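Good morning, and thank you for joining this meeting. Please take a moment to look at the sequence and the structure before I speak about them.

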Amino acid sequence: MTTLERTLRDIRTSGSKCLVGYVMGGIRDDWTDLVRAVVDGGADAVEIGLPFSDPMLDGTTIQRASLAALERGTRLEQVLDDLPDVSAPLIAMTYSNHLVARGAANFMGSLSSAGVSGSIVADLPFEESTEYLFEARAASVSPVLMIAPSTPDEDAQQIARASGGFVYAMGAMAPTGPQHDTREDRWEFAHRLRSEDGLPIMIGFGIDSPERAVRAAHMSDGVVVASALMEAALEGASPTSIMRTVATFRERLDEAGRR
């Protein structure tokens, strides 16, 4: 069991809700300070975006963040070399281009050597993930798999069993970022996946406010907050401001967990 899985399972067992934050690697000169700020604000784990020129599952905010990093000359190896030493497990968020270009074994080995505990390859179909899953586990990196609201229940259960660390439940059939659809029934598939002995189920995509995070957490074991943080970072928010934003999400989730 990786540090990522153990951490999130322990939080669920304690009766709390898990909070995963996000920082695009290389988005700014002080991006490592942003990672520390997310952890200091109370995130239980942090996704580290690996810049990519065509992030097809990401909305405008994360696309802008990726472009900002690439325009600064940021490269994957540089992000891994510069990862800060923080108390929370780190998760690499990437696309299959990085995986294929470097080879699954080499890529997962690089993540492991950099101290990364989990990996998400957003555009890799489950049917084509056999090598990735094998090499991730061989490198002691949790292969976090994604499930969409449209995924048939039987397929969703199979994907959940194959996943590592946690199961990433896509909160909308749309790119990341703010969502106009406020119906909570779109999260019911995440609720159906939950079990006491299974992996934690985390809802991401569209968790753009503490209020929405609380509503999503009622249907899951926790949430992933990404665009809300990166929008602020792109607008020049200081690490202290980012920390306070994360702390607000943390406080509201903790309040909801005590009810």
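A105 is partly exposed, because its relative accessible area is 42%; here buried means under 20% relative accessible area, exposed means over 50%, and partly exposed lies in between, with a 1.4 Å probe and protein chains only. This residue sits in helix α6, which spans residues 104-113. Helices are DSSP runs of H or I with at least four residues, strands are runs of E with at least two, and both are numbered from the N terminus. Between A105 and I242 there are 137 residues in sequence and 35 Å in space, taken from C-alpha to C-alpha.

The model is predicted, so local features need pLDDT of at least 70 and side-chain atom pairs count only at pLDDT 80 or more, while totals for chains, interfaces and linings use all residues. Residues are numbered from 1 along each chain as its sequence is written, and side-chain values use heavy atoms, with hydrogens and water left out.

I turn to the sheet. In what order do the 9 strands of the open sheet run? The order is β5-β4-β3-β2-β1-β9-β8-β7-β6, with parallel pairing. The edge strands, β5 (142-143) and β6 (145-147), each pair on one side only. Two strands count as paired if DSSP finds at least two bridges between them. Strand β8, residues 201-204, and strand β9, residues 222-224, are joined in the parallel sense over 2 bridges. Within this pair, M202 stands opposite G222 of β9.

Next comes helix α10, residues 210-217. Why is this helix described as largely enclosed by the rest of the structure? The reason is that 6 of its 8 residues are buried. These are P210, R212, A213, V214, A216 and A217.

Now to the charged side chains. Side chains of opposite charge can pair when their charged atoms come close. A salt bridge here is a side-chain nitrogen of Lys or Arg within 4 Å of a carboxyl oxygen of Asp or Glu. The whole structure contains 14 salt bridges.

One of them joins D44 and R250, whose closest N and O atoms are 2.8 Å apart. This pair links distant parts of the chain, 206 residues apart: D44 is in the loop between α2 (31-40) and β2 (45-49), and R250 is in helix α12 (residues 239-257). Both D44 and R250 are buried.

Helix α10 also takes part. R252 and E211 form a salt bridge at 2.9 Å, N to O. R252 belongs to helix α12 and E211 to helix α10, so this pair ties together parts that are 41 residues apart in sequence. R252 is partly exposed at 26%, and E211 is partly exposed at 38%. R212 meets D208 in a salt bridge of 3.9 Å, N to O. Is R212 buried or exposed? R212 counts as buried, with 7% relative accessibility, whereas D208 is partly exposed at 31%.

My last point concerns the surface. Which residues form the negative surface patch? They are E127, E128, E154 and D155. Of these, D155 is found in helix α8, residues 153-162, and is partly exposed with a relative accessible area of 36%. Such a patch consists of residues with over 30% relative accessible area and no salt bridge, with like charges joined within 9 Å, and nonpolar side chains (Val, Leu, Ile, Met, Phe, Trp, Tyr) within 5 Å.

Terms used:
Areas by Shrake-Rupley, 256 points an atom, 1.4 Å probe, with all protein chains shown as cover. Lys, Arg positive; Asp, Glu negative; His and termini not counted. Charge placed at Lys NZ, Arg CZ, Asp CG, Glu CD.
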